[in-house]
Amino acid sequence: MTPRTIRSVRAHTAQGGGADYHDQGDDHWIDDHIATPMAKYPDYRQSRRSFGLSVLGTLVVELEADDGTTGFAVTTAGEPGAFIAERHLARFLEGAPVQEVERIWDQMYSATLFYGRKGLVLNVISAVDLALWDLLGKLRDEPVYALLGGAVRDELVFYATGSRPDLAQQLGFIGGKMPLQHGPAEGSEGMAKTIARFASVRERVGPDFWLMLDCWMSLDLDYATRLGRALHEHGLRWIEEALPPDDYWSYAELRKRLPAELLVTTGEHEATRWGFRMLLEMGCCDFIQPDVNWCGGMTELMKISALADSRGALVIPHGSSVYSYHFAITRHNSPFCEFLMMHPEASEVVPMFSPLLLDEPVPVGGRMKLPDRPGFGVRLNPEVPLVRPYQH
Ligand SMILES: C[C@H](O)[C@H](O)CC(=O)C(=O)O
Ligand SMILES: [Mg+2]
């Protein structure tokens, strides 16, 4: 059978939620005084949007095959991402057989090495790669998880990230991860507030519910050590992204300093098999949290996962909705997933990439059976305006 080829690559931007899930309105828990590396500047302490966290917006990459079938995927990359996809990467796709996923990935990565390697460029490569998997699934009439080797369990199990772990518990999630709100710049008073809040949530959820803390790269080694030891007393299950992602050495030291049953985790801002090799070989964390929308896409995540598996490490994907679900259901070393509570008060389950996608599944009672629609099984919501800023 002659393989289908890619006829066109189109890159669009969208605002107001979607893959750039920090792009929310006012009064959302996700932008309410969360500790960040920018919190040392008082002007940028209250809101992450104030220093530009949502400046990129969502990128939507569409790939159309020569029979008109279209695959798509989304990531955080907005207009600069659209430029990279259309003006640089499209050349490696248009006219190519859809099934040449490996070659296309290698060409996108190798051709962008001089300005890429991590961050924005890898976000764009991820979206193109995921769009390719979506297209392949649609052409073969199979869900992506089937293309990856098939499901190893019947359903996915979730913990929830948000400001209300107590409500997450009532909704059936296996655990709740809270954002850290006060970092080193807020001194001992800030640390006392964090401990008091954590202790009161622990009181509400009881001793057995998993409680985690997401520090979003905001701490230093000394502060993270003191905070981790203090919260260990209150049953902190893992401390996430405590340090800046480039400081592999301090992560390794933090892991040595904290009690073994308090897990050190990171990886959502890491990319490629080489980045994760560094985390794993240097003993930076107990398990890794790659984001398939940012780490290089599905093609790269499968390699990262094999690397982790060979060291007995779990891969608990960060966010990324259906793209993570189709991955996690196929891997023995990804036994549970994250669900980001995108309701402004973290009180209801709403789809993670709402309003951009239609048919986006959500956990019910903390669990999800993955629909077997072709590709990633989602559609673009025609009511969300898309803009195509560059046409190659
Ligand atoms: C809640 C965190 O600050 C961030 O917005 C999301 C994140 O790091 C995670 O879901 O993990
Ligand atoms: Mg995180």
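**Reading the salt bridges**

Reply: Start with Arg273, which is partly exposed at 24% relative accessibility. Keep in mind that this is a predicted model.

Me: Which residue meets Arg273 in a salt bridge?

Reply: Side chains of opposite charge can pair when their charged atoms come close. Here the partner of Arg273 is Glu300, with 2.8 Å from N to O. Arg273 belongs to helix 9 (residues 272-281) and Glu300 to helix 10, so the pair ties together parts 27 residues apart in sequence. Glu300 is buried, its relative accessible area being 0%.

Me: How many salt bridges are found in the whole structure?

Reply: The search finds 25. Some share partners: Arg7, Arg10, Glu62 and Glu64 are joined into one network in this way.

Me: How far apart in helix 7 are Asp222 and Arg226?

Reply: They are 4 residues apart in helix 7 (residues 221-232), which means a separation of about one helical turn. Asp222 is partly exposed at 43%, and Arg226 is partly exposed at 44%.

Me: Where do Arg257 and Glu253 lie?

Reply: Both are in helix 8 (residues 248-257), 4 residues apart, about one turn of the helix.

Me: Which residues gather in a patch of negative charge on the surface?

Reply: Asp27, Asp32, Glu345 and Glu348 do. Asp27 sits in the loop between strand 1 (6-14) and strand 2 (58-65). Asp27 counts as exposed because its relative accessibility is 74%, and the cut-off for exposed is over 50%.

Key: Residues numbered from 1 in each chain as written. Chains lettered and ligands numbered in written order. Predicted model: local features only at pLDDT ≥ 70, side-chain atom pairs only at ≥ 80, totals over all residues. Heavy atoms only, no water. Patch = residues over 30% accessible without salt bridge, like charges linked within 9 Å, V, L, I, M, F, W, Y side chains within 5 Å. Areas by Shrake-Rupley, 256 points an atom, 1.4 Å probe, with all protein chains shown as cover. Salt bridge = Lys/Arg side-chain N within 4 Å of Asp/Glu carboxyl O. Lys, Arg positive; Asp, Glu negative; His and termini not counted. Charge placed at Lys NZ, Arg CZ, Asp CG, Glu CD. Helix = DSSP H or I, 4+ residues; strand = E, 2+ residues; numbered from the N terminus. Buried < 20%, exposed > 50% of the residue type's maximum accessible area, 1.4 Å probe, protein only.
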